[in-house]
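I opened this notebook to record what I looked up in one chain. The entries follow the order in which I consulted the structure.

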Amino acid sequence: MAELLFTSDEFAPNGMSVPGVPMLLDREMRLVEPACAWLLHIALVRGRTRSRQTWRTYGEALYDWWQTLEANEWIWDEVGVAEIAAYRDRMLFRPSDHTGRAYARSTVNGRLRTLALFYRWCVAAGLTDTAPFNTSELALSRRQPQGFLTHVDATGGRQLANELTIRQTSALPKPLSPVALRRVMAGLGSRDRLIIEWAVTTGMRRMEVAGLRLRSLPRSSLDALVVVRIEATKGGKTRTVYPPLSLIDRTLAYAREERAVIVRRAKLRHADYAEPDAVFLTEAGRGISARRVGAMFAAAAGTAGVTASFHALRHTFATAMLRFLQRRAQDEPELNPLLTLQVVLGHADLSTTAIYLRVLATDLTLVESSVDELYGALLQ
């Protein structure tokens with residue numbers, strides 16, 4: 001079956017240092033040239049896709065598609081709409097072979113969009129004659145949330161859409177209550193508690209918490225909130241977060257004590273061990289991965305009987321912070337809560353941030369919540 005690998009520095013083309021680009025191999029361990037060419041184009045040429053996580057998502061989608069091609073003995077550049085529809089229906093009605101769970105409709109549509117991008121690029125590059133997708137003009141539902149520029153939309157509320165995509169209801173983010181957070185964190189070790197606290201008090205994603213560096217942590221501060229610049233972000237653009245001073249102090253204590261013990265043990269086991277700059281380490285002394293961070297939280301949430309992913313911590317922070325900023329704006333009219341939250345979260349599009357206005361408007365139990373209560377709940 002097909003295999004998915006990720007490049008390191010020494011395998012990057014043309015001497016360029018771009019580790020982490022997915023490369024697809026067929027069952028005979030040969031490069032799948034059209035897929036690899038497109039993935040390299042995404043990573044090295046296309047300026048709008050700077051996130052390695054996006055590269056991974058595209059790579060995993062093509063990997064799954066190539067496994068389907070091999071299983072059905074289809075030729076990649078001879079498939080049509082019928083084969084793509086069969087692939088879609090397999091995802092709709094059969095669980096994932098990797099997770100054993102049903103595919104989310106958003107995942108199905110995401111895979112279809114990735115294949116559409118790939119095949120259209122292949123047509124433009126002269127690798128194939130036609131793309132196995134049809135598009136049609138659809139009217140957007142009046143029940144869908146309106147965008148900020150709806151009043152100047154010259155399309156009349158109509159968009160071109162892939163006919164194979166399925167109807168998908170956008171669910172609002174679900175923040176966690178302080179009670180649920182305490183249940184998830186109960187029984188966790190200091191490292192894992194700190195990881196959760198960093199996410200829920202700053203809005204950092206799992207890859208950002210995993211990528212937190214010791215050199216980024218201030219050694220002293222007189223302010224209640226300190227400034228920390230993070231580099232391992234979704235879009236690769238450095239941004240600033242503002243953790244509470246008490247969290248910095250506890251993180252430095254972990255580094256001096258528990259983390260230092262892990263490093264000493266690793267040096268005793270391996271003479272050539274080089275201590276990483278990552279704040280959070282595994283027992284083997286390696287920087288913890290984003291995947292492992294997500295698995296840790298999923299296990300803790302499952303044990304606590306809480307249905308949530310690690311990303312729910314970011315939603316929790318965003319909702320509480322927005323309410324906090326709204327309160328501040330009552331005394332500081334020049335403060336724009338939504339624009340401020342956009343900067344804090346690192347969103348490129350304000351409409352992405354605006355969804356939290358709907359969260360507050362929909363769930364009245366969150367109206368009185370703010371970061372003050374959130375910080376307090378974590379310290380109890």
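**Overall fold**

I began with contacts at a sequence separation of 6 or more, and found that 58% of those in the chain join residues 24 or more positions apart. I note here that the model is predicted. For secondary structure I recorded 13 helices and six strands. I then looked up burial: of the 380 residues in the chain, 42% count as buried.

**Helix α8**

I turned next to α8, which spans residues 245-269 and has 25 residues. From first C-alpha to last, α8 reaches 35 Å, close to the 36 Å expected at 1.5 Å a residue. I looked for a bend and found one of about 40 degrees at Arg259. Arg259 is also among the buried residues of α8. What lies over the buried residues of α8? I found that the cover includes α6 (190-202) and β5 (228-230).

**Helices α2 and α4**

How do the axes of α2 and α4 cross? I read a crossing of roughly 90 degrees, with the axes of α2 (residues 52-72) and α4 (residues 105-124) coming within 9 Å. Angles of 65 to 115 degrees count as roughly perpendicular, and α2 and α4 are therefore described that way. I then looked up the residues that meet: α2 contributes Tyr58, Ala61, Leu62, Asp64, Trp65 and Trp66. On the side of α4, I noted Arg111, Thr114, Leu115, Leu117, Phe118 and Tyr119.

I checked phi next, since most residues other than glycine have a negative value. Met29 is not a glycine, yet has a positive phi of about 60 degrees. I located Met29 in the loop between β2 (22-25) and α1 (33-44). Glu73, likewise not a glycine, has a positive phi of about 55 degrees. I placed Glu73 in the loop between α2 and α3 (81-93).

**Cysteines**

How many disulfides does the structure hold? I found zero. Cys36 has a relative accessible area of 4% and is buried. Cys122 counts as buried too, at 0% relative accessibility.

Note on methods. Residues numbered from 1 in each chain as written. Predicted model: local features only at pLDDT ≥ 70, side-chain atom pairs only at ≥ 80, totals over all residues. Heavy atoms only, no water. Disulfide = S-S within 2.5 Å. Buried < 20%, exposed > 50% of the residue type's maximum accessible area, 1.4 Å probe, protein only. Helix = DSSP H or I, 4+ residues; strand = E, 2+ residues; numbered from the N terminus. Expected span 1.5 Å × (residues − 1). Bend = angle between axes of the 7 residues up to and from the residue. Contact = heavy atoms within 4.5 Å. Axes fitted to C-alpha atoms, helices over the stretch in contact; angles between N-to-C directions. Parallel < 35°, antiparallel > 145°, perpendicular 65-115°, else oblique.
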